[in-house]
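Please keep the sequence and the structure in view while reading.

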Amino acid sequence: AGPDTAAKRAAMETVAARLQQDRAPSNIIINDGDPSDILATYARENAGVALIMGAYGHSKLRRLIMGSTTTQVIQSALAPVILLR
């Protein structure tokens with residue numbers, strides 16, 4: 001976990017509290033590693049979940065060299081993926 005893990009957790013807890021107010025259950029998981037692998041594994045191990053993630057626009061050159069985490073998750077997760085922009 002990086003040095004800003006506490007700040008990330010605090011931000012995620014704020015969002016989770018808001019979701020709970022709206023009666024939408026959520027889990028906070030902070031994990032090091034490849035995001036697409038982590039999300040695909042989580043979806044595989046937790047039947048009935050939907051993944052919600054931000055979709056950020058990157059340059060075509062960056063996508064060509066590094067690929068897109070969003071694309072990798074959509075291709076590998078066996079769960080619905082909801083993209084927010």
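## Surface and overall make-up

The protein chain has an accessible surface of about 6600 Å², and carbon and sulfur atoms account for 56% of that surface. The model is a predicted one, and the values in this report are to be read with that in mind. Of the 85 residues in the protein chain, 15% are buried. The chain holds 4 helices and 2 strands, and from the N terminus on these elements follow one another in the order α-α-β-α-α-β. When contacts between residues at least 6 apart in sequence are considered, 53% of them join residues that are at least 24 apart.

One feature of the surface is a nonpolar patch formed by I52, I82 and L84, which together have about 290 Å² of accessible area. Of these residues, I52 has its place in strand β1, and with a relative accessibility of 57% I52 counts as exposed.

After α1 comes R23, a residue whose phi is positive, near 60 degrees.

Side chains of opposite charge can pair when their charged atoms come close. A search of the whole structure finds 2 salt bridges, and they are set out below.

| Salt bridge | Closest N and O atoms |
|---|---|
| E13 with R9 | 3.9 Å apart |
| R18 with D22 | 3.9 Å apart |

How are E13 and R9 placed relative to one another in helix α1? The two residues are 4 residues apart in this helix, which covers residues 5-21, and so about one helical turn separates them. E13 is partly exposed, with a relative accessible area of 41%, and R9 is likewise partly exposed, with a value of 35%. In the other pair, both R18 and D22 are exposed.

## Helix α2 and what covers it

In helix α2, which covers residues 35-45, the buried residues are S36, A40 and A43. Seen down the axis of α2, these buried residues fall within an arc of 65 degrees, and they therefore line one face of the helix. The cover over the buried residues of α2 includes strand β1 (51-54) and helix α4 (69-76).

Is T70 buried or exposed? T70 is buried, because its relative accessible area is 15% and the cut-off for a buried residue is under 20%. Once its neighbours within four places in sequence are left aside, T70 is in contact with M53, G54, A55 and L83.

Q75, by contrast, is exposed, with a relative accessible area of 66%.

How values were computed:
Residues numbered from 1 in each chain as written. Predicted model: local features only at pLDDT ≥ 70, side-chain atom pairs only at ≥ 80, totals over all residues. Heavy atoms only, no water. Salt bridge = Lys/Arg side-chain N within 4 Å of Asp/Glu carboxyl O. Buried < 20%, exposed > 50% of the residue type's maximum accessible area, 1.4 Å probe, protein only. Arc of directions from axis to C-beta. Contact = heavy atoms within 4.5 Å. Areas by Shrake-Rupley, 256 points an atom, 1.4 Å probe, with all protein chains shown as cover. Patch = residues over 30% accessible without salt bridge, like charges linked within 9 Å, V, L, I, M, F, W, Y side chains within 5 Å.
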